[in-house]
Amino acid sequence: PAPDGDVTMRALLSAALLLALAALPAAAQIRGVELRTPRAFGYFLGDLVLVQAEIRLDPGFTLQRPSLPKPGPVAYWLDLRAIAADEQRAADGSTLVRLHLTYQTFYAALDTRTLEVPGFSVVVESRGSDGLTSAVAPIPGWKLGVSALREVQPERHDDAAEYLRSDGRTPR
């Protein structure tokens with residue numbers, strides 16, 4: 001007979017193996033997540049930033065729309081203005097979910113800097129003969145380069161009127 005320590009160790013190893021195997025199907029349900037932004041830099045106060053996230057899922061999985069983030073403030077300097085989602089079947093039978101996100105930046109930059117846009121997660125589910133299976137698809141955070149609308153230290157002029165410019169004439 002094996003000592004009690006060996007039995008306990010085997011039980012712990014068996015439990016760890018079962019937990020690891022139970023986690024494998026959830027990872028396989030989400031084949032990949034890709035984030036696309038028009039550019040990584042050159043945004044100003046008030047700009048709209050259009051982002052597309054593509055999630056590729058195993059066949060039979062669909063996006064649970066209530067898990068999508070709600071439009072509103074994301075950070076003190078960033079709002080999610082709109083979100084739309086569409087799903088289509090790929091040639092290999094997988095499901096392709098496209099999230100169309102519209103952000104607006106309210107960061108009044110004094111200099112050029114890079115800010116971190118936080119990521120989020122969505123839930124996907126499949127109903128099969130073995131019941132309901134769900135998984136969490138993490139949408140990664142990304143970086144956004146913002147620029148100032150004005151110089152911090154403008155060029156020095158002797159005449160203060162040089163800093164002001166008259167409005168351009170408008171056509172009739």
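Trainee: Is Tyr103 buried or exposed?

Mentor: Tyr103 counts as buried at 3% relative accessibility, where buried means under 20% relative accessible area, exposed over 50% and partly exposed in between, with a 1.4 Å probe and protein chains only. Trp142 is buried too, with a relative accessible area of 10%. This is a predicted model, in which local features need pLDDT of at least 70 and side-chain atom pairs count only at pLDDT 80 or more, while totals for chains, interfaces and linings use all residues. Residues are numbered from 1 along each chain as its sequence is written, and side-chain values use heavy atoms, leaving out hydrogens and water.

Trainee: How many aromatic pairs are there?

Mentor: The count comes to 1 aromatic pair, by the rule that rings of Phe, Tyr and Trp (its six-membered ring) pair if their centres lie within 6.5 Å, with planes under 30 degrees apart counted as stacked, over 60 as edge-to-face and the rest as tilted. The rings of Tyr103 and Trp142 have centres 5.9 Å apart and planes at 65 degrees, so the pair is edge-to-face.

Trainee: Which strands hold Tyr103 and Trp142?

Mentor: Tyr103 lies in strand β6 (residues 95-105) and Trp142 in strand β10 (residues 142-146), so the pair ties together parts that are 39 residues apart in sequence; strands here are DSSP runs of E with at least two residues, numbered from the N terminus.

Trainee: Switching topic, what is the strand order in the open sheet?

Mentor: The order is β3-β8-β9, with antiparallel pairing, and two strands pair if DSSP finds at least two bridges between them.

Definitions and conventions
Helix = DSSP H or I, 4+ residues; strand = E, 2+ residues; numbered from the N terminus.
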